[in-house]
Amino acid sequence: MSAEPTLLEVEDLVVRYPIHRGLVGSATRQPRRSVHAVEGVSLSLKRGEMLALVGESGCGKTTTAQAVLRLVDPISGSIRFDGRNLVPLGPRELRPLRRRIQVVYQDPYESLDPRFRVRAAVEEPLLIHRLGGSKSERAARVRDALVRVELSPPELYLDRYPHELSGGQRQRVAIAAALVLEPDVLVADEPVSMLDVSVRAGVLNVLDGLRSNGLAILMITHDLSTAARFAQRIAVMYLGRIVEQGPAAAVVRNPQHPYTKALLSVVPRRDPRDRTRPEILQGETPDAVAIPSGCRFHPRCPVAIERCTAEDPALAQPTSAAEGHQAACLLLPSAEH
Amino acid sequence: MPALPAPGAGTVSAPLLQIEDLHVWFDLDGRGELHAVQGVNLSLEPGERLGLVGESGCGKTTTALAIMGLLPSSASASGRILLEGQDILAGGEEAMRPHRWVDIAIVFQGAMNALNPVRTVGQQIVEALELHNRASGAAARRASGELLESVGIPAGRAARYPHELSGGMRQRSAIAMALACDPKVLIADEPTTALDVMVQAQILELLDGLCKEYGLALILVTHDLPVVSQLCNRCAVMYAGEIVERGPLEAIYHTPGHPYSRMLFAASPDLADIDEPVLSIAGAPPRLDRPIEGCPFRPRCDSAFDACGVRPRLEQLAEDHDAACHLNSRVPA
């Protein structure tokens with residue numbers, strides 16, 4: 001897998017959403033402010049790899065994904081896909097590339113049109129992209145996509161409406177509608193958080209199978225147990241930055257950043273004897289409008305020192321971590337210095 | 001765990017809350033009936049924390065609403081719900097009203113829906129206190145501030161409207177409001193489902209503290225078994241409207257008496273075993289608008305055998321541990 005070239009490479013991505021000052025605000029010349037949603041995120045994804053982007057609401061994980069999908073415009077940074085920077089491209093140039101980067105959203109109850117039968121829902125992307133050739137070729141592609149998400153035999157599902165399907169089946173249909181375009185990258189934004197526990201693993205196993213057949217998956221999730229089990233690599237985001245990233249098992253078993261440690265400590269365990277000693281951070285993710293000085297995690301950090309209020313740490317490999325595992329914390333002796 | 005009182009014992013030793021053979025039907029408007037709860041038996045002791053778990057549609061929320069007397073008008077219920085020995089179901093709304101919020105309170109998943117958007121959270125708690133004659137005027141305002149502080153909201157935030165608070169703060173306000181009349185039982189229906197992990201941990205810590213401090217008995221309704229493992233001591237697993245296993249959590253996790261409980265645990269990924277496969281329970285629960293033949297879990301079960309054509313009943317496996325599965329009485333061949 002390491003021999004695989006990088007398929008998607010995001011570098012120094014910055015995305016900000018301006019806040020409208022309103023009429024009074026403009027008239028009184030209040031300063032223009034913006035939400036600093038993503039502040040210098042770099043990540044890479046290979047074929048056959050799942051990268052899980054984890055963090056609390058408002059940490060910028062979904063905005064990062066939307067930038068990769070080119071649904072929001074970055075302020076700066078590059079998004080190289082298959083060697084080409086997507087950021088400067090216009091809608092016309094993006095169109096053929098959009099087919100290759102597809103998305104599955106959290107809520108299959110909202111993402112599927114209730115008036116479309118499964119057949120039509122999965123075929124529609126082909127019609128929009130004018131792909132798939134003749135009607136019978138399209139039908140074959142639709143059936144193939146359903147088989148790949150383990151809705152088989154497809155005849156059982158083709159003529160059903162979304163309301164006749166369970167949540168897990170709907171999410172599989174949504175995945176099939178992405179797969180029918182033969183994408184290289186799939187962005188999965190909280191793909192199972194709306195589903196019942198009993199069927200989550202089924203959908204995740206489908207994604208895992210697609211990944212092992214070469215699909216690159218960027219999964220957005222707040223569930224570390226799922227990320228640990230299904231992703232090859234994990235990137236932990238806090239207030240628009242990646243604060244730790246590395247191989248999934250390394251991040252979970254040997255966390256470096258105090259934020260990652262806290263996040264892991266609050267994940268409930270199955271075994272009632274294995275009660276965690278949660279290290280609960282007080283408050284919620286601070287406002288992305290007023291980013292704290294220095295290390296942006298310092299106001300909630302249990303081990304912050306004076307220096308942390310002034311210096312903004314960069315991602316580096318700590319001496320206590322293996323290669324490919326990085327964290328952004330001033331208290332970690334870096335292997336690179 | 002105190003033993004169940006002997007039949008005919010006085011009301012003094014009756015459990016705090018006892019549910020006997022609870023059934024709930026929903027009228028499907030001319031398209032028959034949906035038998036949402038099919039004979040639930042449960043008991044709750046003071047200070048006990050019970051997790052009521054199962055998939056969507058298994059009847060856990062309906063059971064909770066029945067206990068609160070908040071079932072919609074399309075529902076009809078039978079059985080007994082005894083609060084300190086007194087049946088609050090049979091007497092209808094009149095019997096229930098003096099106890100709702102006073103002895104039994106509930107917190108729902110979407111705290112936004114439980115709060116009035118045009119009143120500040122402080123005013124809403126004052127209203128609750130005044131409505132139930134707990135306090136009025138300045139005393140009620142003071143009590144409201146104290147309640148908010150007890151759930152971790154600075155009293156200064158009492159003047160905020162629900163939309164000005166974060167999801168976690170709203171859930172805390174809803175908990176404060178539920179506690180206004182000092183209830184003995186708190187039902188929390190998916191209290192953390194829509195929240196982030198860190199906020200979830202804060203709310204679970206709060207519930208844990210409140211139970212300890214006020215001796216509250218808790219019924220935690222959720223589909224999330226690990227959350228139950230961390231907060232509760234007993235658990236009842238529901239499937240297709242009935243309880244299929246109940247007992248101490250440790251017993252249900254380590255020596256499950258029902259394949260559904262075992263499979264539900266195996267379907268929850270765990271940080272301690274990240275290399276272990278995560279199980280998916282194929283299929284879906286049966287429809288509840290038609291009669292169920294045999295064990296309702298049989299089509300999805302990995303260990304079904306010929307006896308499963310007959311619907312199993314809850315049988316005792318050990319003290320305070322029951323399960324409804326024929327495997328437990330199967331004679332080894």
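## A sheet in chain A

Strand 1 (residues 6-19) and strand 4 (residues 76-81) of chain A run antiparallel to each other, paired over five bridges. Strands here are DSSP runs of E at least two residues long, helices are runs of H or I of at least four, and both are numbered from the N terminus; two strands pair if DSSP finds at least two bridges between them. This is a predicted model, where local features need pLDDT of at least 70 and side-chain atom pairs count only at pLDDT 80 or more, while totals for chains, interfaces and linings use all residues. Residues are numbered from 1 along each chain as its sequence is written, and chains are lettered from A and ligands numbered from 1 in the order in which they are written.

Glu11(A) sits opposite Ser78(A) of strand 4. Helix 2 (residues 61-68) of chain A packs on the sheet and touches strands 1, 2 and 4 of chain A. Its direction makes about 115° with that of strand 1 (axes are lines fitted to C-alpha atoms, for helices over the stretch in contact, with angles from 0 to 180 degrees between N-to-C directions). The sheet itself is open, with four strands in the order 2-1-4-5 and antiparallel pairing. Strand 2 (33-46) and strand 5 (84-85) of chain A are at the edges with a single partner strand each, so one side of each has no neighbour in the sheet.

## Where the chains meet

Chain A puts 37 residues into the contact and chain B puts in 35; contact means C-beta atoms, placed from the backbone, within 7 Å. On the chain A side, helix 8 gives the most, with eight residues. That side splits into 17 nonpolar, nine polar and eleven charged residues (nonpolar is Ala, Val, Leu, Ile, Met, Phe, Trp, Tyr, Cys and Pro; charged is Asp, Glu, Lys and Arg; the others, Gly among them, are polar).

## Chain B overall

Chain B has ten helices and twelve strands. Its radius of gyration is 21 Å, close to the 20 Å from the globule rule for 333 residues, so chain B is as compact as a globular protein of that length. The radius is taken over C-alpha atoms, and the rule is 2.2 Å times the number of residues to the power 0.38.

The C-alpha atoms of chain B fill a box of roughly 75 × 50 × 45 Å along the principal axes. Among contacts in chain B between residues at least 6 apart in sequence, 63% join residues at least 24 apart.

Notes
Two residues are in contact if their C-beta atoms, placed from the backbone, lie within 7 Å.
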